[in-house]
Structures are given as structure tokens and as C-alpha cells.
Amino acid sequence: MKVKKAVIPAAGLGTRFLPATKAMPKEMLPIVDTPTIQYIIAEAVQSGIEDIIIITGRTKRSIEDHFDKAYELETELEKSGKQDLVKIVQDISNMANIHYVRQKEALGLGHAIYCAKTFVGNEPFAVLLGDDIVASDKPCLAQMMEMYDKYQSTILGVQTVAWEEVSKYGIVACEAVGERVYKVSDLVEKPETENAPSNVAILGRYIITPKIFECIEGTTKGAGGEIQLTDALRKLSEYEDMYAYDFIGRRYDVGNRMGFLEATVEFALCRDDLKDEFMAYLKDIVKTH
């Protein structure tokens, strides 16, 4: 069965970006001039996803507004003869079939995914976390969908991280079974370095079979007092084969300030309309500091 649906959890409070996120969803913070969540949706669409559900919270209304039709704005831009901007605005609202459901309580990523149960039905589905943006020639999710087509099992998007950082991630115990592919034997959410089975970390991309919902139902609160997706995946691995794919691409953790700044600078340097002037500015700044 092909993967046609994607779930994007976007109900977090964004406390690492306070005070900016007091009223603005962290997913709407722009990298150059594009909200972070738009990069995530673009990756899903470019990978062949047809329907997307965003798990939101009560402070996230601007996400819905961003991807909705903007009649008044389009009218004003057309009156001003700014057809290039009209197209940009229209392209955003036409990106994909986007649905929304609210996570009424902050009970963790596993619970957020469970909110999509009715939307997903009995199909495999993708999960893309909004804190992780991947720059790559072939979209990260498209790479993983190829792996799903081959193995027809849950695929975890992974890369190796520094050992001193394993406590920030879900970590897999695994054995290499192919080029960039591992067979998963166990998963641990945010282990201490001395207890980590490896330094292969799950980094914000998943393709998951629908049996995960049964596993979430049987999952109790774990790290941070939340229902962790990693714990539910661990249960799932007891019933089904599970694989991890070391995806190709530069991954940015835009959920923290340093990663957000790195993405902003590097994405700006890839823009033909900005790179020369911006590079000259950066060189001047380096000289004066």
C-alpha cells in the first residue's frame, strides 16, 4: 500500500523561543521569509503525499489562516498589479489538502499522533516533526517512502549524533542490513549516555503502520510525564519488523535557537536574490567582530 497521508504535530508550546512564541506559533516563525511549517508541508507534497493533517492547539489558529484562501490580500495585490505576489499567496493555499484537529491537552507526541487515528484509518502514514527541516536534493520523506516500498514496514528516519547528545533524542538499537538501512531491535527515549544502545537517533521523520494506534492505547506516560511515540514504537517493534533509514541531507533542528539561526543563514545563502549581498554583509560582520 502506498503512503498517501501525513501527520504533522504542531501543538507544542514553543517555550524555547519565548517571548516570540507567547502569541505566535513556533511553526510560523520564518526562515528568511517562509514559515518553518511551510517547508515541512512542501517536503511532504514533493514526496507525493496527497492529504495532510496538522495537529494543532488552541493558540495555533494562524497556521490555519496561513494555508487558507486570502481573498482580501489577493484583491489588494491584484489592484496594485503585483501578480508575482498574487501567485505566491495562491500557491500557499493550493499546496495540499490540509486538515486540522486540536490536541486538547499537552499529553505528548504519542498522544498527538493518536489524535490523527480517524484521519489515518487503516493505512500506513508519514509523520513529519516541525522542529526538523532537511535540506536535500531528493526530499527526505521521498527517500523514506522508497524504503517503505521495499520493506513494507515502519521506517524511522535516523542519523548518527554525537554521543554527548543522545539524551536529546529517541535512540535505536539496530544492526545494519543494507546501505544506510538498519534493522531495529529496540528503542529508548532520551537515554543517558551510559545507557544508550547506540548513537543512531530518530530525527523527525517516520513512516508508520496503523497498528501504532493500538500500541499508543497501551502506552503509559514515560519521559517527561508524557505519552511518548518512541515508547509506542517500541511496542510496535514486538509485533512487526521495523527499520531505520539513515537519510541523506542536512538536517536543521529549528526547534532551538542555534539551529534556527543556522537554517536562516544557510537558506539565505542559497537564495539567488539574497546570497551576494548577504555574503558581503556577513564578511563585513566577521571583520568587525
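Some housekeeping. Residues are numbered from 1 along each chain as its sequence is written, and side-chain values use heavy atoms, with hydrogens and water left out. Because the model is predicted, local features need pLDDT of at least 70 and side-chain atom pairs count only at pLDDT 80 or more, while totals for chains, interfaces and linings use all residues.

Let me start with the rings. Searching the whole structure gives seven aromatic pairs. Rings of Phe, Tyr and Trp, the last by its six-membered ring, pair if their centres lie within 6.5 Å; planes under 30 degrees apart count as stacked, over 60 as edge-to-face and the rest as tilted.

One of the pairs is Phe17 with Phe260, which is edge-to-face, at 5.4 Å centre to centre and 70° between the planes. This pair links distant parts of the chain, 243 residues apart: Phe17 is in the loop between β1 (5-9) and β2 (30-31), and Phe260 is in helix α10 (residues 257-269). Helices (H or I, at least four residues) and strands (E, at least two) are DSSP runs, numbered from the N terminus. Phe17 and Phe260 are both buried, where buried means under 20% relative accessible area, exposed over 50% and partly exposed in between, with a 1.4 Å probe and protein chains only.

Now Phe125 and Phe213. Their ring centres are 5.5 Å apart and their planes are at 15°, so this pair is stacked. Phe125 belongs to strand β6 (residues 125-128) and Phe213 to helix α8 (residues 212-217), so the pair ties together parts that are 88 residues apart in sequence. Phe125 is buried at a relative accessible area of 0%, and Phe213 is buried at 3%.

Staying with β6, both of its faces are covered: Phe125 and Val127 on one side, Ala126 and Leu128 on the other, all buried. Two strands pair if DSSP finds at least two bridges between them. β1 and β6 run parallel and are joined by three bridges, with Val7 opposite Val127. β6 also pairs with strand β11 (residues 200-208), antiparallel, over four bridges; there Phe125 stands opposite Ile208.

Back to rings, briefly. Tyr39, Tyr252 and Phe267 form one aromatic cluster.

Last, charges over rings, meaning NZ of Lys or CZ of Arg within 6 Å of the ring centre and within 35 degrees of the ring normal. Lys5 lies over the face of Phe119, 5.2 Å from the ring centre. Lys211 has its charged end over the ring of Tyr239, 4.7 Å from the centre.
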